[in-house]
Structure formats: structure tokens, C-alpha cells
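Student: I have a chain open here and want to go through it with you. Where do we start?
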Amino acid sequence: MHNNAMTAIALPHRGYHGPRGTQRFFEGWYYRLSLPEIGESFATIYSIEDPHGGSPFSQGAVQVLGRLGLLVETFPQVADFWGDQERLAFGHTRSSAAPIREALDPSDFWVRIHTGYQATDRLNQGRIITPEGKSVVWEYTIEPVIGWGRNQATMGHLSYLPVYEVGWQVSLAHGWAAGYLQWEEVTYSFTRAPVYIEKNWSLGFPEIWFWLQCNSFTIHQGAPDVNLTVTSGGGVRRTLIWEDEQAMVGLHYQGRFYDFRAETGTVRWSARVDRTGAGLWQVWGYADGYEIEIEARSVQIHSLLGPSENETLHPISLQSLTGDLTLRLYRGRYPGNRLILEARSGLAAVEAGGDGWTGSWEGTCG
């Protein structure tokens, strides 16, 4: 448990990891924007596969998820992708007179770029037009508030080792966004909206996993905190010679980081979701004298695309951006524990997936 106040935001794994020679490789980034005043949320999901080129899987893509559905654009020219290996900055464009290799001034981006995106820890901007003629345009600046713990790896220090697949890092657990997103003819403008960023890199996603995230809450009990943010996830982690099931919960509350993992305590989980949209996620953790309980439900679900080791983008997970979530944090352990925080939200992101997903998964680690 780390009880010191959050300080500078300098993130591990923040730079672009690829390419890895000519072997199978993908890297993906996930930016989530919440608009609590209207109960809306959007995710922009970026990916690059086999950036060395010449592979049947070589391509880039953007997925934009909202309540109305999922819009997807692919970029077959991987040479037009760029990523900074030292900081969080990347982009992919087409119809540019000259290759882009760094983030442009936002106004210059619109002059030079017809289709594509650029994203950093301070800016998310892009435009896509699907083959069906549907369009989405977005531009917002980001004020980072909380990175991850004390600038640590999300799944613990062992995840720094390159033998672990899949790599996962929460880059920004909480920040504030200002700008707009235009979905078809509807424009959403905002000046202080919760934003979240994470990333993955690997040969492909796990065979099975669950995930949930929320940084837009109504506090029901406990000291109010506009920066309250929680992320939980678990999956089958692969190494060169074995697999294991791992899960975690990370909670930032009142300047403290509550870290629940196998290395710090115990985590139990149960995720159940079917393709009708009905889902239930339950996560429990105990570490260093604190206990956490999370329950989330979904009624509207969308299918997201992702790569696997032997296949490019295909339906691989089910996600909702408007899940109902209840979070409780206790000091001590049941039955003698004491509730110190209860918070609820109708804007939780909840997901379950993997090529091995059969509708439910539960487990324990630690």
C-alpha cells in the first residue's frame, strides 16, 4: 500500500514499444472520455499491428465507441504510423503531402490531415470517415492529474520483463479534458470532463480477461473526491514456459493509492456477460489492512475488435461505457471492518473478452 500523496506524473512504459524486428507484434492505446452531465461516454481506441510491414497483419486502426455504436477505420500503410519511444505520443494519418513523425500543432493538423489522428498525454485529436460514410471528429486537450500509483507498473515490477505477454499499463488514471467530439451531426462540447488513458503491447490479447474502469462517481459515503478513480482487470498471463491467472484493483482516493494484487494481497473475481448485453462483474480484494468490493452491471454492450497471435482485428471483447458500478472500501477485514468509502456511478466501463471467452470466468490470485 502506498499512502503518500501523488506527485509528478512520469509514467512507466509510456513510450512506443515497437517494432520488434519482424515477429508478430501489436500495440494499442485506449483513451476514454466521460460526460457525466449528459450520461454519455466515448472511447477512442488506437492500434498498430506488425509495423515492420510486409506481414499479412500489417495495418493500423482506430475504433471510436459511443452509446450509438462503434465506428472503425483502418490504415493499411504502416509506414505512415509514428510513435515516440520516450514519451506518450503517436499518430497515424493518410492523405498527407509529407510523412508525419511528431505531433503537429492542432490547427496545422486540420490543414494537413484529412483522415487520421494524433495523441499524446496532453492532446487527443482526429477524424475518421468509415467506408459507409459515417464520420467522427474529435479534439480535446488533457490536464493530467493522476498517473498510476507512484509511477509504477500496473501489474507489478515483474511486468517490466519482456517475457510477459500481454503488456498492460494505465498511463493516466485520471485527468480533465476540454474540447469537443462530433459524432455524425451531433457535437458534444466540454470544458472539464474526466479522461482516462491506458495501453497494451504484445503478440496478442490474453485468451480470456475481464476489465472495468471508472473515474466519474457520485459519492454516497466518505470524504468527497473529484479525482476518485478505480481500475480493475485480470487475465491469463503468459510467459515463455507457463501461464497463470492474475488480477488487480487499483484505487486512487484522497491522494492515496490502494494497490490490490497477488504481490500485495488477495484478489477474487467473477465476470459474467452474454451477447444480449446483460453482464455482472464482481471483484473483491484485500491488502495491507484494507478491503475493497466492486460490483458492476451492464445492460448495453458493444463488440470491440482486437488482434490475436494468429489473426488481425476481429470481434474479441464485449464492452459497455455506461455500466452501473458500486464501490466500497473498508478499513480492516470482514466481519470487523469499517466502511470508509462508498461510491456509485452509471458511467463505468466494463469489459470481458478473449477468444476463449465462454460467457463467464472466475478466479482467485494471491
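Tutor: With a term: contact means heavy atoms within 4.5 Å. Keep in mind that this is a predicted model.

Student: Okay. What share of the contacts with a separation of 6 or more comes from residues 24 or more positions apart?
Tutor: Such residues account for 60% of those contacts in the chain.

Student: How many helices and strands are there in the chain?
Tutor: The chain has one helix and 23 strands. Its radius of gyration is 19 Å, close to the 21 Å that the globule rule gives for 366 residues, so the chain is as compact as a globular protein of that length.

Student: What does the C-alpha trace span along its principal axes?
Tutor: About 65 × 50 × 45 Å.

Student: And what about burial and surface?
Tutor: Of the 366 residues, 58% count as buried. The chain exposes about 14,700 Å², and carbon and sulfur atoms supply 50% of that area.

Student: Charges next. How far apart are the mean positions of the positive and negative ones?
Tutor: They are 5 Å apart, for 28 positive and 39 negative charges.

Student: Let's go local. Where does His 92 lie?
Tutor: His 92 is in strand S6, which covers residues 89-94.

Student: Is His 92 buried or exposed?
Tutor: His 92 counts as buried because its relative accessibility is 1%, and the cut-off for buried is under 20%.

Student: What is 2.9 Å from a polar atom of its side chain?
Tutor: The backbone oxygen of Gln 77. Gln 77 is also among the residues in contact with His 92 once neighbours within four places in sequence are left aside. Others on that list include Ile 48, Phe 75, Asp 80 and Tyr 117.

Student: Which residues does a cis peptide bond join here?
Tutor: Tyr 334 and Pro 335, with omega about 10°. Pro 335 is in the loop between strand S21 (311-331) and strand S22 (338-353).

Student: What is phi of Asp 50 near?
Tutor: Phi of Asp 50 is near 40°, a positive value in a residue other than glycine. Asp 50 sits in the loop between strand S2 (40-49) and strand S3 (59-66), and Asp 50 is buried, with a relative accessible area of 2%.

Student: And Glu 184, what is its phi?
Tutor: Glu 184 has a positive phi of about 55°. The loop that holds Glu 184 runs between strand S10 (167-183) and strand S11 (186-202). Glu 184 is partly exposed, with a relative accessible area of 28%.

Note on methods. Residues are numbered from 1 along each chain as its sequence is written. This is a predicted model: local features need pLDDT of at least 70, side-chain atom pairs count only at pLDDT 80 or more; totals for chains, interfaces and linings use all residues. Side-chain values use heavy atoms; hydrogens and water are left out. Helices (H or I, at least four residues) and strands (E, at least two) are DSSP runs, numbered from the N terminus. Buried means under 20% relative accessible area, exposed over 50%, partly exposed in between (1.4 Å probe, protein chains only). A polar contact is a pair of N or O atoms within 3.5 Å; within protein, one must be able to donate a hydrogen and the other to accept it, and residues adjacent in sequence count only if both atoms are side-chain atoms. The radius of gyration is taken over C-alpha atoms; the globule rule is 2.2 Å times the number of residues to the power 0.38. Accessible areas come from the Shrake-Rupley method with a 1.4 Å probe; for residues, only the protein chains shown count as cover. Lys and Arg count as positive and Asp and Glu as negative; His and the chain ends are not counted. The place of a charge is taken as NZ of Lys, CZ of Arg, CG of Asp or CD of Glu.
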